[in-house]
Amino acid sequence: LPRRTMTVLKAANRQRSTSSLSLADLDEKHWSDLPKFVPHPEFRGLFAGSGSDCLSDPKFAKEILQLVPAATRNQGRSPTVLYLGTATYDLPAPKARQTDQLKALGCTI
């Protein structure tokens with residue numbers, strides 16, 4: 001990171017320990033020094049606030065498959081889904097509730 005940005009972040013961290021300043025309180029000019037995040041063009045995702053309810057719904061599973069480029073879908077390959085189960089969702093039963101709809105559509109989890 002540029003020296004100016006590091007100085008600002010260090011100052012914010014020092015001040016945070018004695019006040020309620022957050023990094024969001026820094027003005028835009030300090031953030032303009034940071035490199036812009038540009039995701040890889042093949043990076044896709046569906047992010048649901050209530051994963052258990054959304055991922056157990058067949059409509060969401062179909063929407064996830066729509067993220068796969070048409071050319072790839074038409075090659076007949078099974079999409080691979082990366083499932084990151086947090087808290088108790090890494091246990092077998094909650095994981096199954098969130099991934100069974102994708103498996104039913106032929107996905108590899």
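The questions below ask what lies behind the terms used for this predicted model.

Local features need pLDDT of at least 70 and side-chain atom pairs count only at pLDDT 80 or more, while totals for chains, interfaces and linings use all residues. Residues are numbered from 1 along each chain as its sequence is written, and side-chain values use heavy atoms, with hydrogens and water left out.

Q: Why is Gln98 called buried?
A: Buried means under 20% relative accessible area, exposed means over 50%, and partly exposed is in between, with a 1.4 Å probe and protein chains only. Gln98 has 6% relative accessibility, so Gln98 counts as buried.

Q: Which residues does Gln98 touch, not counting residues up to four places away in sequence?
A: A contact means heavy atoms within 4.5 Å. Gln98 touches Gly51, Ser52, Leu55, Tyr83 and Tyr89.

Q: Why does Thr99 count as buried?
A: Thr99, also in helix 6, has a relative accessibility of 2%, so Thr99 counts as buried. Leaving out residues up to four places away in sequence, Thr99 touches Tyr83 and Ile109. The C-alpha atoms of Thr99 and Ser56 are 7.2 Å apart in space, although the two are 43 residues apart in sequence.

Q: What covers the buried residues of helix 6?
A: The buried residues there are Gln98, Thr99 and Leu102. Their cover includes helix 3 (51-55) and helix 4 (58-66).

Q: Where is the kink in helix 6 centred?
A: The bend at a residue is the angle between axes fitted to the seven residues ending there and the seven starting there. In helix 6 there is a kink of about 45°, centred on Gln98. Just after the helix, Gly106 takes a positive phi of about 95°.

Q: Why are Leu82 and Lys59 each called exposed?
A: Leu82 has 71% relative accessibility and so counts as exposed; Lys59 is exposed because its relative accessible area is 59%. Leu82 lies in the loop between helix 5 (70-73) and helix 6, whereas Lys59 is in helix 4. From C-alpha to C-alpha, Leu82 is 8.7 Å from Thr108, and Lys59 is 9.0 Å from Gln101.

Q: What makes a set of grid points a pocket?
A: On a 1 Å grid over the protein atoms alone, a pocket is an open set with protein on both sides within 12 Å along at least five of seven lines, whereas in a cavity a 1.4 Å probe fits but cannot get out. Lining residues have an atom within 4 Å of a point. The largest pocket is lined by 30 residues, of which Arg44, Gly45, Leu46, Val81 and Leu82 lie nearest its centre. Helix 3, helix 4 and helix 6 are the elements that give two or more residues to this lining. The largest share, three residues, comes from helix 3.

Q: How many of the residues of the chain count as buried?
A: Of the 109 residues, 19% count as buried.

Terms used:
Helix = DSSP H or I, 4+ residues; strand = E, 2+ residues; numbered from the N terminus.
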